[in-house]
Amino acid sequence: MARDLGYADGMKFSKGLLSALMIACFAAGAAPATGCKKDQSATGETAQNAMGLYAEGFNVLIADPQNLIEEYFKEIPEEGPNETEKHKLFPRQNFARRKIDDAKKSFAAAKSGAPASLAKLPPMADATIASIEKVYAAFDAAQKYYDAENYKDDKFAKGKEIHAQMLASAKEFKAALHALSDELSAIEDAQSESELKKFNESSARYWFRFGNNRAKKLLAVVHKDLSDTYVKDLEAALAEFAPVKDGVVKFVTANGAGLQAGVKNVYENYRERVESLFATATKVKRAAADLVNGDGKNNKAGLERVLNSELEAATRDYNQLVSTANTLYDLEGNGVLK
């Protein structure tokens, strides 16, 4: 039983540490020199800086811009506008326009400073932007069309034309976003493992990196297809994540008093996000077991709804964890978290 619940489309990426040194080098347009020499590897500081900017752009796109698709198909079914109903779309394009422009700026900045090892990302980012622009254009046309009730004059002719454009554009955007997500994920994994080696377990800079790294591995198992081994695979993943959760809790409990007030509050929030993800993933396992084991056979649809709801909650928990970690990265970049 395959599932497509927006995992690749909706999973946030960590911004990473934006080095003040590297930003200064990019801003000045400095040629490689002592102190500003670029590491061309995919795990070096230059690539991490670029990945932070790619992550910012990606995270922007999966919010208001992607919500254009959700808003549209929530109101208008995939088979097309219902000529017996009055459709009305919220003018969500007003929120999406600025965010799309923000993503463009992030991707442009990422490309300008990225090493050759990230050469696959620019065309993928360009394709994602081009496709979301098509989604925006289709949604904008549809919202104005239904708001003006022009379907009364053309018997939905334009509405059907716009619908075909939205179907094609949404499919194109989803494919582009998946491709970009997969490439970002592979690079992020390599960078994450490399970064972890720089810190020890007594460091505040270690635990949120370690938590992010292992939380992503847990979520990958959570969003596997439902199979005969799914529950056991998830049980094993939860067993592996449990000491990570316990380690974050222990660190914050033991060291919270020694952290600056702002850092302490964010780290406590991060701890809560880690615990919440573990709890939700456990609920996913429970719901999957009910469905796989045949409990409540007469209510299979209801069990599937419960499982889908918990899967979506797991993605939300993970995204909140990443957002909190990104705040810690910002504090680190500003010299507050050491």
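Predicted model: local features only at pLDDT ≥ 70, side-chain atom pairs only at ≥ 80, totals over all residues.
1. Buried here means under 20% relative accessible area, exposed means over 50%, and partly exposed is in between, with a 1.4 Å probe and protein chains only.

2. Residues are numbered from 1 along each chain as its sequence is written, and side-chain values use heavy atoms, leaving out hydrogens and water. Helices are DSSP runs of H or I with at least four residues, numbered from the N terminus.

3. Do look at Tyr267. Setting aside residues up to four places away in sequence, Tyr267 touches Ala204, Trp207, Phe208, Phe251, Val252, Leu259, Leu328 and Leu337, where contact means heavy atoms within 4.5 Å.

4. Next comes helix α12, which covers residues 300–333 and has 34 residues. From first C-alpha to last, α12 reaches 49 Å, close to the 50 Å expected at 1.5 Å a residue; that expectation is 1.5 Å times one less than the number of residues. Just after α12, Gly335 takes a positive phi of about 80°.

5. How do α11 and α12 cross? Their axes come within 8 Å and cross at roughly 160° (axes are lines fitted to C-alpha atoms over the stretch in contact, with angles from 0 to 180 degrees between N-to-C directions). The pair is therefore roughly antiparallel, a label for angles over 145 degrees.

6. Glu149, in the loop between α6 (121–147) and α7 (151–154), has a positive phi of about 55°. Phe156, in the loop between α7 and α8 (157–196), has a phi near 70°. Phe156 counts as buried, at 5% relative accessibility.

7. Finally, visit Ile100 in helix α5 (residues 93–113). Is Ile100 buried or exposed? Ile100 is buried, with a relative accessible area of 0%. Among the residues that Ile100 touches are Pro65, Ile129 and Tyr136. Gly57 is 43 residues from Ile100 in sequence, and their C-alpha atoms are 8.4 Å apart.

Conventions:
Helix = DSSP H or I, 4+ residues; strand = E, 2+ residues; numbered from the N terminus. Parallel < 35°, antiparallel > 145°, perpendicular 65-115°, else oblique.
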